[in-house]
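Student: I would like to learn how to read the strand pairing in a model such as this one. Could we go through it step by step?

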Amino acid sequence: MWGSPPVQQGLKALSSMAQADIATFANGCFWGTEHIYRKYFSGKGLLDVKVGFIGGKKDFPNPTYRDVCTGKTGHAEAAQVVFDPAQVSYAELVEFFYRTHDPTQVNGQGPDIGTQYRSALFPHTDEQERTAKRVTEEVQAKHFQPKGSQIATQIERLPVEDFFVAEDYHQAYLINNPSGYHCPTHRLWW
């Protein structure tokens, strides 16, 4: 999980702080996903966010950004959020996931087209899976059904270890490159 052993050791240290939990979200370009979670949850239960890849073919372990961009690995660009559930719940993070992209678009977000940009939730426990399905139903009924739209988000239960951290230059990309590319769908929709 999270690439190299030093990163894994850092995650173990985070896990021992508070009662850290991990959530994984894919909703288009991972730079924007990471940035918007940092913007709205720093100081409100967010402990860390890493960008990387999840949900791909098993014969493509530890893919690179170039590998994923070919579309051959099947991985989604994703953000893995480490959070303190005493300050912010998984349900709140899932609802925020839906607020910050277009979950009705299949295999893409705005101009970013391809399976690596798909809308997907990757719950890691039974409880997260139940919560992801419940929140999806609630958001569908409240925000999309009245418009005649259907959420296309995939919900796929995977172990945390199936997340591969992207190369260092992708981490905190929009913080380090304020005028870097930002997908226009990464904004608050309601």
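Student: Which residue in β3 is the bridge partner of Gly 52?

Tutor: Before the case itself, note that this is a predicted model, in which local features need pLDDT of at least 70 and side-chain atom pairs count only at pLDDT 80 or more, while totals for chains, interfaces and linings use all residues. Residues are numbered from 1 along each chain as its sequence is written, and side-chain values use heavy atoms, with hydrogens and water left out. Strands (E, at least two residues) and helices (H or I, at least four) are DSSP runs numbered from the N terminus, and two strands pair if DSSP finds at least two bridges between them. Here, Gly 52 has Ala 78 as its bridge partner in β3, and β2 and β3 run antiparallel, joined by 8 bridges.

Student: In what order do the 6 strands form the open sheet?

Tutor: The order is β7-β6-β1-β3-β2-β8, with mixed pairing; the edge strands, β7 (154-155) and β8 (164-165), each pair on one side only. Strand β2 (residues 46-54) is joined to β8 by 2 bridges, and these strands run antiparallel; Phe 53 has Phe 164 in β8 as its bridge partner.

Student: Are the residues that point either way from β3 buried or exposed?

Tutor: Buried means under 20% relative accessible area, exposed over 50% and partly exposed in between, using a 1.4 Å probe and protein chains only. Ala 76, Ala 78, Gln 80 and Val 82 point one way from β3, Glu 77, Ala 79, Val 81 and Phe 83 the other way, and all are buried. Because 8 of the 8 residues of β3 are buried, this strand is largely enclosed by the rest of the structure.
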